Amino acid sequence: MDFSNRQNRLVRLEEVSQSYLASIAEKTQNDPFYPSYHIAPPHGLVNDPNGLSYFNGEHHIFYQWFPLGPVHGLKHWYHVSTKDFVNFNDRGVTMVPELSYEEHGCYTGVGVPHEDELLLYYTANRFDEEKNVHQTQALAVMDKQGNLTKKGVVVEENREQFTCEFRDPILVPRSDNYFMLVGAQGIDEKGKLAAYKGHSLNEFDYLGNIDVGLEDFGYMWECPNYYEEQDKGTFIFSPQGVTSESKYDLNNVFSVVYMVGEQIDFETQRFEHQGWFELDKGFDFYAPQTYLDEQGRRILLGWLGNSKSEYPTDKNMWAHMLTLPRELKIEGNRIAQFPLPELEGLRSESLAVKESTELKNASFELEFEVDGEFSLSLENQVGDKMTFAGTNDELILDRTGVTHLHAEAFGSVRYAQRLVNEQRIRIFVDNSSIEIFADNGLTVFTSRLFIDDLSQLKVAGLNECKLHYLKSMKLSGDGYQKTVVEKAQA
Ligand code: FRU
């Protein structure tokens, strides 16, 4: 099926044959760039993580999925769950865009555990006959057995205040009330954070827009995320249309920004904070979501990708993956990110790295100490490479030399100010992705890298460097068969 011009992006699962799915699944799984321990689609395109929650004894991860090819088409919610981030239960498609109000996409939303159910608030996307977009906020409810019931629209369009860009609801519970926040574009064509007050879990009234102290900060705010901890409020969002003169900030097509401040005051509709920071300094990171687990950890997963550019994996009919799960900790007015300890369960063989090393495969973790200048390079036999280096003042990720460069219009080097001299750095590589945790979690670079036959690690200035090869995650269950294959034509 040809998607080169985004044609066919509204084709439905039941309109294709099982053999078409089998052929794109095979291409996807055989692609050497397909990850081994990251959540990625069986085929087709993944973008935002959705409905992240700890419910009924498991972590639930849903994601935006277009099944049929590597484009932003008709979005479904795919669902996996896990207890340990090594073994995953494949639950298949949970949300299909099938009812009139959501027929052109079940867009991004959140999961809210409530009594014996998981409430899923999401954006219902629909095109009318003139191809105009209509976005409303809808509710679906999942029970402990995983059965989903759609409850319909709970927040209608609000075209007096906003354009058709009105999506990605989240719920903010307060002691005796609920508020809903929605990312939006105002009729002045600026990004807004819309606030609604809940009379019940499915009845909300427009309250106003939260004043975040950023008057002119992009044309649309996607994927708002807000949580309260240590009497503080943390707001993370994905603004579109913001740029910066600084080489350190906002260099991707779209960015993710956060602020730590007071808790939102819904009376005055204000959010007071001490300034914004970019959450990730890499090339491919967008639309993250967070949730609280049973141990009280605030966990984040993001889309390990960014708005569409050509990817070398398109020809194999898949695109993107999710990031690793990370625990967030607030430090002053900053967020620090740490890979979840559960990921140590992926480790197989470990070795000490002293100098340049031949790699057995490209799914591994590196841990090392630095106390001054350093560099490391991931390469193949013909010298295609990506480098990560530290000077005394900067951390620098350079993918100029990879085999297949993408999104090069936005540059191929990323810089961050180095915040800590003596530190332990952790890096996760998974065939075509890299996640670097530096500056004690305060600086993270998340990126794709496409190097054919990645086989060499070259290092300089690293102390006590350890390399851990990582096993594949295990995905079991018949969700894919039952909810995807059986829907297609036999
Ligand atoms: C962000 C986003 C959301 C939207 C979803 C659709 O990547 O554009 O705003 O709900 O993706 O897939």
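In the predicted model, the centres of domain 1 and domain 2, taken over C-alpha atoms, are separated by 27 Å. The domain assignment places residues 6-340 together with 475-489 in domain 1, and residues 341-474 in domain 2. Between the two domains, 48 residues of domain 1 are in contact with 49 residues of domain 2.

The secondary structure of the protein consists of two helices and 34 strands. Among the contacts with a separation of 6 or more, 60% are accounted for by residues 24 or more positions apart.

As to overall dimensions, a box of roughly 60 × 55 × 40 Å, taken along the principal axes, is filled by the C-alpha atoms of the protein. The radius of gyration is 22 Å, and this agrees with a compact globule because a chain of 490 residues in that form would have a value near 23 Å.

Burial and surface composition were also computed. Of the 490 residues, 61% count as buried. The protein exposes about 19,000 Å², and 44% of this area is supplied by carbon and sulfur atoms.

Backbone geometry was examined for positive phi values. Most residues other than glycine have a negative phi. Asp231, a residue other than glycine, has a positive phi, near 65°. Asp231 is located in the loop between β13 and β14, strands that span residues 220-229 and 232-240 respectively. The relative accessibility of Asp231 is 68%, so this residue counts as exposed, the cut-off being over 50%.

A positive phi is also found at Glu464, with a value of about 50°, although this residue is not a glycine. Glu464 is placed in strand β33, which comprises residues 463-470. Glu464 counts as exposed because its relative accessible area is 63%, and exposure requires a value over 50%. In summary, Asp231 belongs to a loop, whereas Glu464 belongs to a strand; Asp231 is exposed, and Glu464 is exposed as well.

Notes. Residues are numbered from 1 along each chain as its sequence is written. This is a predicted model: local features need pLDDT of at least 70, side-chain atom pairs count only at pLDDT 80 or more; totals for chains, interfaces and linings use all residues. Side-chain values use heavy atoms; hydrogens and water are left out. Helices (H or I, at least four residues) and strands (E, at least two) are DSSP runs, numbered from the N terminus. The radius of gyration is taken over C-alpha atoms; the globule rule is 2.2 Å times the number of residues to the power 0.38. Buried means under 20% relative accessible area, exposed over 50%, partly exposed in between (1.4 Å probe, protein chains only). Contact means heavy atoms within 4.5 Å. Accessible areas come from the Shrake-Rupley method with a 1.4 Å probe; for residues, only the protein chains shown count as cover. Domain bounds come from an automatic or database domain assignment.
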